[in-house]
Amino acid sequence: RTTTTTTSPNGGGGGGGAGAAPLTAAENRAVARRVCELLGVASPDFSKARWPARFERIVVDERVVLVDAAHNGYSVETLFRDARRRFRPEAVTVVFGCGDEKEGKADMLEALAASVDAIDRLYLVE
């Protein structure tokens, strides 16, 4: 049985928009506000912005699962950093999927390898 719930970590010291990795969300909001400023347009309230599959928390068989579409080495590093800060897991199961043609795949695998001490199980899919 799968129950889907969405977390709503809130900016800066504790998170960002619903579903987004805490520090990444704050960074994304800051960039969006700056772009609006440079374009001379009003900046909407980004605090309620939702990033599906970015630090999205779901519950499966009473286990917490984080879904994240990390797409480069930096976002993989950030995912592990923020997950450790928010949940303090001793060990995690990682399902990592990436096609051979993906630019930056080596950086993502390097970031994954740097967190191997916290990984209990690792599944690589293509």
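This is a predicted model: local features need pLDDT of at least 70, side-chain atom pairs count only at pLDDT 80 or more; totals for chains, interfaces and linings use all residues.
**Overall layout**

Residues are numbered from 1 along each chain as its sequence is written, and side-chain values use heavy atoms, with hydrogens and water left out.

Of the chain's 126 residues, 32% count as buried. Buried here means under 20% relative accessible area, exposed over 50%, and partly exposed in between (1.4 Å probe, protein chains only).

**The largest pocket**

The largest pocket comes in at about 840 Å³. Of its 28 lining residues, Leu-66, Val-92, Thr-93, Val-94 and Val-95 are the closest to the centre. A pocket is an open set of points on a 1 Å grid over the protein atoms alone, where a 1.4 Å probe fits, with protein on both sides within 12 Å along at least five of seven lines; lining residues have an atom within 4 Å of a point. Points are joined across faces, edges and corners, and the volume is the space filled by probe spheres set on them.

Four elements each supply at least two lining residues: β3 (63-67), α2 (73-87), β4 (92-97) and α3 (105-114). By class, the lining has 21 nonpolar, three polar and four charged residues. Nonpolar covers Ala, Val, Leu, Ile, Met, Phe, Trp, Tyr, Cys and Pro; charged covers Asp, Glu, Lys and Arg; the others, Gly among them, are polar.

**Two positive phi values**

Phe-55, in the loop between α1 (22-39) and β2 (56-60), has phi near 55°, a positive value in a residue other than glycine. Phe-55 is buried, at 0% relative accessible area.

Asp-61 sits in the loop between β2 and β3. Its phi is near 50°, again positive in a non-glycine residue. Is Asp-61 buried or exposed? Asp-61 counts as exposed because its relative accessibility is 54%.

**A nonpolar surface patch**

Val-31, Val-35, Leu-39 and Val-41 make a nonpolar surface patch of about 360 Å². Such a patch takes residues with over 30% relative accessible area and no salt bridge, joining nonpolar side chains (Val, Leu, Ile, Met, Phe, Trp, Tyr) within 5 Å. A salt bridge is a side-chain nitrogen of Lys or Arg within 4 Å of a carboxyl oxygen of Asp or Glu. Leu-39 belongs to helix α1 and counts as exposed, at 63% relative accessibility.

Conventions: Patches are made of residues with over 30% relative accessible area and no salt bridge: like charges are joined within 9 Å, nonpolar side chains (Val, Leu, Ile, Met, Phe, Trp, Tyr) within 5 Å. Accessible areas come from the Shrake-Rupley method with a 1.4 Å probe; for residues, only the protein chains shown count as cover.
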